[in-house]
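This briefing goes through one protein chain, topic by topic. Please keep the sequence and the 3D view open while reading.

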Amino acid sequence: MYSTLLFDPSTDGNNRIAKVTVNRPDKLNLLNSTVMNELKELFEKLKDDDSVDVVILTGSGEKAFVAGADIKELNALEAKSGKDFSAKGQEVFNLIENLGKPVIAAVNGFALGGGCEIALACHMRVASENAKFGQPEVNLGIIPGYGGTQRLARLIGKGRAMEMILTGDMIDAKTAYDFGLVNKVVPQAELIKTVEELATKILSKGQIAVRMSVKTINATHEMGQAEGQKYEAELFGYCCGTKDFKEGTTAFLEKRKAEFKGE
Ligand code: COA
């Protein structure tokens, strides 16, 4: 049981799509230390739970996905505790990015500061039309500390990340889509259905191939192309040794739908 999270282990009825909801709607789903500790505990379980293939992350209510860190907690930080606070938060978001299976953010409202950063740590982002994204830390005299200076620039480019981080301005969902920050924008009422459909589509594929794709893209994103291609060839070869690969290619040749078993 979690005091700040809702956990649905099986939105698909087969324990393969799990949904995590940050559940502090009266507090804009702010990330305080309890939320961060609970996210760490839950995502560690999800990493080890082999039955779960896709995770959806969202916020409660229709106003906020996650409006950031709790400024009351931030206010008490000093140089040393601030560094530890940042490192601890980075560890939780790295866990999400390196979960080994896709995590899709369903961004249902404000995604500010740590809220934008947790969405960035997910592998894909789908936003509702009312969603707003921002890194307003400069307004508080700090910089993004949960990976935002790194992931935002890598995702949308240095110039756009500079603008968002230096002005602290929010951007709307359409601009976020134009920037490549989100994969899709849909009406609020269709958000979870759209993300579940995306998750279901991923479930219909060979899960070893899905996991190896996540692993390869994550691991090689920072490498030069030659080194990245070596890594890609390793994991491509690994996939070729699986039953899923034989089934996928045979099914195509036999003009039937593949039945992947994750083996
Ligand atoms: N930490 C602590 N309290 C916060 C907060 C945060 N990050 N964000 C909002 N709140 C509080 C507000 O102080 C307000 O408290 P009150 O009801 O006791 O007055 C309450 O949440 C509602 O916020 P309010 O500003 O009245 O709502 P709004 O709809 O006008 O604006 C936001 C919503 C999210 C745009 C606005 O609250 C905001 O900009 N928050 C700061 C976000 C931020 O800087 N996040 C990054 C932190 S690193």
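The model is predicted, not determined by experiment. A search of the whole structure finds 14 salt bridges, and three salt bridges cross the interface of the two domains.

**The two domains and their interface**

- On the domain 1 side 13 residues make contact, and they meet seven residues of domain 2.
- About 810 Å² of area is buried between the two domains, and carbon and sulfur atoms give 42% of it.
- Within domain 1, the residues that lose the most area to domain 2 are Asp53, Gly100 and Arg154, which together make up 43% of what that side buries.
- Seven residue pairs are in polar contact across the interface of domain 1 and domain 2, both residues of each pair being at pLDDT 80 or more.

**Glycine 100**

- Glycine 100 sits in the loop between helix 3 (79-97) and strand 5 (103-107).
- Its relative accessible area is 31%, so glycine 100 counts as partly exposed.
- Glycine 100 and aspartate 48 are 52 residues apart along the chain, and their C-alpha atoms are separated by 9.5 Å.

**Helix 9**

- Helix 9 covers residues 207-220, which makes 14 residues.
- From its first C-alpha to its last, helix 9 reaches 20 Å, close to the 20 Å expected at 1.5 Å a residue.
- Which residues of helix 9 are buried? They are Gln207, Ile208, Val210, Arg211, Met212, Val214, Thr216 and Thr220.
- The cover over these buried residues of helix 9 includes helix 8 (191-203), helix 10 (225-240) and helix 11 (243-253).

**Arginine 211 and its partners**

- Side chains of opposite charge can pair when their charged atoms come close.
- Arginine 211 forms a salt bridge with aspartate 53, with 2.7 Å between the closest N and O atoms.
- Arginine 211 also meets aspartate 50 in a salt bridge, at 2.9 Å from N to O.
- Salt bridges with shared partners join Arg16, Asp50, Asp53 and Arg211 into one network.

- Lysine 40 and glutamate 91 form a salt bridge, their closest N and O atoms being 3.8 Å apart.
- Lysine 40 lies in helix 1 (residues 33-48) and glutamate 91 in helix 3, so this pair ties together parts that are 51 residues apart in sequence.
- Lysine 40 is partly exposed, with a relative accessible area of 26%, and glutamate 91 is partly exposed at 45%.
- Lysine 45 and glutamate 41 meet in a salt bridge at 3.5 Å from N to O.
- Both lysine 45 and glutamate 41 belong to helix 1, where they are four residues apart, about one turn of the helix.
- Lysine 45 is partly exposed at 47% relative accessibility, and glutamate 41 is partly exposed at 41%.

Definitions and conventions. Residues numbered from 1 in each chain as written. Predicted model: local features only at pLDDT ≥ 70, side-chain atom pairs only at ≥ 80, totals over all residues. Heavy atoms only, no water. Helix = DSSP H or I, 4+ residues; strand = E, 2+ residues; numbered from the N terminus. Expected span 1.5 Å × (residues − 1). Buried < 20%, exposed > 50% of the residue type's maximum accessible area, 1.4 Å probe, protein only. Contact = heavy atoms within 4.5 Å. Buried area = accessible area lost by both parts, 1.4 Å probe. Salt bridge = Lys/Arg side-chain N within 4 Å of Asp/Glu carboxyl O. Polar contact = N/O pair within 3.5 Å; in protein donor to acceptor, adjacent residues only side chain to side chain.
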